[in-house]
Amino acid sequence: MPQGVPDTIPDDGLTTRQRRNQPVLAVHTGDGKGKSTAAFGMAMRAWNAGMRVAVFQFVKSAKWRVGEETALTALGTVHEQTGQGGPVEWHKMGQGWSWLRANEDHDADHADAARAGWAEIARRLAAEQHDFYVLDEFTYPLDWGWVDTDEVVSALGGRPGRQHVVITGRRAPSALVDAADLVTEMRKVAHPMDAGRKGQKGIEW
């Protein structure tokens, strides 16, 4: 697709503008580093376009404050104070979804928390509450059977309006990959950890 020109034009009855404005379901998977980083980069673009951005982290510890969280949360504050960009929400499963804080029992069962998190996302999709969703490391609850893949694919395929969704994580189920408009597989060629080096600030978080 050189210079942004598609290789083929489908005979779908849509105009160029209509086709361009279709919502995108993206999946970033594979064993290489950069899946979440790429998704958060897309979220920053969405913010700049004035979209309502929401990030849902499914695996990372609530105690681990990644740099992108700080940056995107700050951009949300910029929007509140100046009107520039769009609003930003960031939710982490590890500390209990905000809509479940009254029930601490969910903290003890990660599978229940993941299912509750997905149920809330599905509700927000149906209500068109956000324009751009990052479901970070959501492939793991699907791979582990905590959340039903067919249910997710159905809800994403039937989402109303123009809501973009990016899902990250290794071992993305084939049904999710087949349903996606944009799929990128990160392949590891080399990593500092291969040489015994631990993750470092500014690179991993």
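Six strands form an open sheet in the order 3-2-4-5-1-6, with parallel pairing. The edge strands, strand 3 (88-92) and strand 6 (182-185), each pair on one side only. From one strand to the next, the twist averages 10°. The model described here is predicted.

- Strand 2 (residues 53-57) and strand 4 run parallel and are joined by 5 bridges.
- Within this pairing, Gln 57 has Asp 136 of strand 4 as its bridge partner.
- Helix 4 packs on the sheet, where it touches strand 2, strand 3, strand 4 and strand 5. The direction of helix 4 makes about 165° with that of strand 4.
- In general, the strands of a sheet pair through backbone hydrogen bonds, in either a parallel or an antiparallel manner.

**Val 134 in strand 4**

- Val 134 belongs to strand 4, which spans residues 132-136.
- Val 134 counts as buried because its relative accessibility is 0%, and the cut-off for buried is under 20%.
- Apart from neighbours within four places in sequence, the contacts of Val 134 are Ala 39, Phe 40, Ala 43, Ala 54, Val 55, Phe 56 and Val 166.
- His 164 lies 30 residues from Val 134 along the chain, and the C-alpha atoms of the two are separated by 8.7 Å.

**Ser 36 in helix 2**

- Ser 36 is part of helix 2, which comprises residues 35-48.
- With a relative accessibility of 13%, Ser 36 also counts as buried.
- A polar contact of 2.4 Å links the side chain of Ser 36 to the side chain of Asp 136. Asp 136 is also the bridge partner of Gln 57.

**The two sides of helix 6**

- Thr 149, Val 152 and Leu 156 are buried in helix 6 (residues 149-157). These residues lie on the same side of helix 6, because they cover an arc of only 60° around the axis.
- In an α-helix there are 3.6 residues a turn, so residues three or four places apart point the same way.
- Asp 150, Ser 154 and Gly 157 are exposed on the other side of helix 6.
- The N-terminal end of helix 6 is capped by Asp 148, with a side-chain oxygen 3.3 Å from the backbone nitrogen of Asp 150.

Definitions and conventions: Residues are numbered from 1 along each chain as its sequence is written. This is a predicted model: local features need pLDDT of at least 70, side-chain atom pairs count only at pLDDT 80 or more; totals for chains, interfaces and linings use all residues. Side-chain values use heavy atoms; hydrogens and water are left out. Helices (H or I, at least four residues) and strands (E, at least two) are DSSP runs, numbered from the N terminus. Buried means under 20% relative accessible area, exposed over 50%, partly exposed in between (1.4 Å probe, protein chains only). Contact means heavy atoms within 4.5 Å. A polar contact is a pair of N or O atoms within 3.5 Å; within protein, one must be able to donate a hydrogen and the other to accept it, and residues adjacent in sequence count only if both atoms are side-chain atoms. The arc is that of the directions from the helix axis to the C-beta atoms. Two strands pair if DSSP finds at least two bridges between them. Axes are lines fitted to C-alpha atoms, for helices over the stretch in contact, and angles run from 0 to 180 degrees between N-to-C directions.
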